[in-house]
Amino acid sequence: MELRSGKCMRRATFVTDEPQFEPSGPSAIEAALPDDVLMRVFQQLERQGDWEALSLVSKRWRRLAAGACTKLHVTRRAGGQRMTQVLRRFGPGLHTLYLSSAPFVRDSDLRTLPLLCPNLTSIYLSWQDSFSDAGLSALAQACGPRLLELGLSRCQGLSFHGIAAACQYLPNLRFLDLSHVLGKAKVLAVQPCALAAFTVKLPSVSSEDGGAGGSGGDDSGGNDSGGKDSGGESSSEGAYYKSGPPFSEFLSHRLMVECEYDSWGNEFRFGYSLLDAEANGAESSKPGGAGGAKKGGGAKEGLGDIDSAVASIAHSCKQLQTLLLKDCSALCELSDHGLDGVASGQCAQTLTTLDLSFCENVTDAGLLNVAKHCPKLTELSLACISVGEKVTSAGLGQVLKQCTGLTELDLSGNMLGPQWFVQLGLHSKTLVKLNLNRCKSEPEQPYLPVWKMCLKGPAKFTLTHLNLMECTGLEDLGLGMLAVSCISLKVLKISGCLEVTDRGLLELGKFRGGQMEELVIRGAGVGNTGRDSFQSGAPWPKLHSLAVSQCEWMEDESLQSIALHCSALTFLEAGDCFDASGLGFSHILDKCTKLEKLMLYQIPNIDTLEPGPPCHRLRELDVSGCSLKAGPLRTLAERCPNLENVDISGNRHLEREGLLAMVVGCKGLAVLDIQDCPKLTDKAINLALEASTSLRKVFVTRIKLSQRLEKLGLRKGCKVRGC
C-alpha cells in the first residue's frame, strides 16, 4: 500500500489461535466439488420440483442445473405459460421429456417445443387429448431424424392418418406407443350436443362379432345421426341399447361409444366408433367386429383405417424397435393387413417388441407372417385375443418356431387348453418370461395344466419368470408338477388360487427353494399348516422378495416360518392376515435383518411389539390398519431407527405420544401417512412437525387440514397434504 508521502507500508498480519470460519452446507459443496461432479449428481434427478429447487440455491447451481437437466417430468401444475417458463429454463439440455401429467398440452405448445428443447430425442404425451394432428405434425417436422422415442398412449385427439403422416418425418424413430389410441376423425365438425345416440353392450348378453350397433342408418343429419330411431329401442340382436339426446350432451368427443366387459371379466373396455355427420348414411362398425366401414356408407375412404396407417408407419420408421398397439381401434380393429404391412416394412429387420393385446381380428396367418420377417423379435404380447377362433395352438407353435430369439410372451386373459401348453413347451427355444395372468382353463378342464409346457422341450430349461396372477384354475398338484418340471424357475407370481395351500408350497420349496428369488402368493390357502409353511429340505437362501397377502390362514406360526427359512428377504408383504399379531411381527424383525421394505397392513391384532435387535436396513414400513399404541411405537422406533417412509394410517389408537415417539425416534423420517387416525388432534400434528427436522411430506385426513398446519409445514420445509 502506498501512502501520500510516497512511502510504502506493508500490510500487517495477525496470527491468532482462534479457528477460522469454514463454509458449511451448499457453500462447502460448491467449494469442494468441481462442475463436472456436480452435474453428474444433478443428472440423477427427473422431477420438475427438484430441478427448480436446485436452481434456487446459487447462481452457479442455476447455471449447472440448466445444462445438466437431460430428463424432466413436467408436473400437473405446470400448464400453459408456466410450462413455457420451465422449458425455457431447462430446455437447452433436455433429451427426454414427459408431459403425461402436464394439463392441456395444445398444438401451440407442440409447435414451440422444438424451439425451447433443441436437443430433444424422447417425448411422451400420454393421456393428452387437447392437441390434434396439426400439432403432432409440426412437432415431427421440427424434430425430424433426431427424435427416437414417441409416446402417444390414450391421446384421443389424433387420427391414425395424422399419426402416419407425422411418422414420415421420423425415419430414426425407435419407440412408438399407440396403446388405447382410438383414432378420432378430423373431418367431424358437428357439435357435441348433436350426437343423438350411443350404443352400450351389456355383459349378460352374447358378445358375438357382427353388425349390432344401430349407429349407421338412413339418416345422419341434425340430432338423428344414429339410425332410423335413436330412442330407447334395442338393436336387432338385443345386445345394444341406444340412448337419446340427454346422454349425448355429456360426451366431449363427437364419437359413438361402446363399452363391454373384456376377456378378464371384471373390467369395462371402452371403444369408440366414428360418426360422420356431414355425409349421408354414415356407417360405424363395432370395434370388436371383423367388418369395418361399409363401402356404401358416408365415411370417407381410408378414414380411421388402422391397417393402412400401421403399414405406413412401418415403411416410414426404418429403425423402429418397439411398436405398442394395445387396444387401438378406429372404424375397424387391427387385422392381418396391418401385420402384413409391418412384415413388409423397412422396420421388420429391427423390430424387437410388438404388443397386439386386445387385437381380436388378428389371425394365425398375420402372426406367422410377422414371425417370418422379423428375425429380431424378442417380446410379443397377445393378451385378450380371439383364441381358438382366429389364433389356434398350432398357429402359435408355428410362430414360436419362427421366432428363434423370443424371450418374453404374454398370453394373459385367454382361455387355454392343454394343447397350448404342449406347443409352448416344444417350440419355445429361448423363452425366459411367460405371462398367463387371468388365464382360464377350458370348460372340460378342471385346472389350468401349466406344468405340461415344461415336461418336454427346451422351455424346461429356459423359463425363469412365470406370472399366473388371477388364475383360478391352479391347485397343489399343478404347482408341485410345475416345481418338478421347471428346472430354471426363479420368479413365480400367483394369486386368486384358493386351492394352493401349504402342501403345494412345500413341494415348490423342496424342488426349487434353493434358487427362487421372487415369490408372490396372494389370495391363496397358504398358511393352513402354520409353522410348516416354508419348511423344506433346504431353506430359501436366495429369496429376496415375498408377498403372501390376503391369505386367510396366515398366523404367527406362518410368519415365524418365514422368518426362520427366508432370512435373505429385502421385501416382505403380508397384509390382510387377520389371525397374525405382534408376536409374528417381532419374529420378522428378529430374523430378517436385511429387510428394506415391510408391509403388514390391515392386521388389527398387531398391537404389541417385543424388544429385540435393531433392523438398520429397514427404510419403508406399512402398518396401516394396525392397532399399535404409544409403547409399541416407541419400541418400533428403537428397533428401526433408519425408517424414511412410514404409513400408520387407519390406526384408531394412535395418539400424541405414539406420534411423537415415531417422529423423534426415526431421525431420517421423510414421509409420514397418518390419515384416518381419529384420536390425533391438530395440536399433536403441530408438535410432530416442530419436533422433526427431516419430514418432507405428511398425509393427513382432509378434514383436519388447516391453514395453520400448511403454514407450519412450509416453514419447516414439509408439505402437509389432505387426502
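Predicted model: local features only at pLDDT ≥ 70, side-chain atom pairs only at ≥ 80, totals over all residues.
Trainee: Why is threonine 96 called buried?
Mentor: Buried means under 20% relative accessible area. Threonine 96 has 13% relative accessibility, so it counts as buried. This residue lies in strand β2, residues 96–98.

Trainee: What does threonine 96 touch, apart from residues up to four places away in sequence?
Mentor: Threonine 96 touches Thr70, Lys71, Leu72, Leu120, Ser122 and Tyr124.

Trainee: Why is tryptophan 127 called exposed?
Mentor: The cut-off for exposed is over 50%. Tryptophan 127 stands at 58% relative accessibility and therefore counts as exposed. Tryptophan 127 is in the loop between β3 (122–124) and α7 (133–143).

Trainee: What is the phi of tryptophan 127?
Mentor: Phi of tryptophan 127 is near 65°, a positive value in a residue other than glycine. Aspartate 676 also has a positive phi, near 55°, and is not glycine either. Aspartate 676 is found in the loop between β25 (671–673) and α22 (682–691).

Trainee: How do you know that strands β17 and β18 pair?
Mentor: Pairing takes at least two bridges found by DSSP. Four bridges join β17 (residues 465–468) to β18, and the two run parallel. Across this pairing, leucine 468 stands opposite isoleucine 494 in β18. From β17 the chain passes through helix α16 (residues 476–485) to β18, in a right-handed β-α-β crossover.

Trainee: What makes β18 and β19 a pair?
Mentor: The requirement is at least two bridges, and β18 and β19 (residues 518–522) have five, in the parallel sense. Within β19, valine 520 is the bridge partner of lysine 493. Here the chain goes from β18 through helix α17 (residues 502–512) to β19, and this β-α-β crossover is right-handed.

Trainee: Why is β18 called mostly covered?
Mentor: A residue is buried when under 20% of relative accessible area is left. Four of the five residues of β18 (residues 491–495) are buried.

Trainee: Which residues touch the most other members of the largest nonpolar core?
Mentor: Leu466, Leu492, Leu519, Ile562 and Ile674 do, in a core of 168 residues.

Trainee: What is isoleucine 674 in contact with, leaving aside its neighbours within four places in sequence?
Mentor: Contact requires heavy atoms within 4.5 Å. Isoleucine 674 is in contact with Ile648, Ser649, Leu654, Leu659, Leu680, Ile685, Val698, Phe699 and Val700.

Definitions and conventions:
Residues numbered from 1 in each chain as written. Heavy atoms only, no water. Buried < 20%, exposed > 50% of the residue type's maximum accessible area, 1.4 Å probe, protein only. Right-handed = clockwise from strand over helix to strand, strands pointing away. Core = buried A, V, L, I, M, F, W, Y, C linked by side-chain atoms within 4.5 Å.
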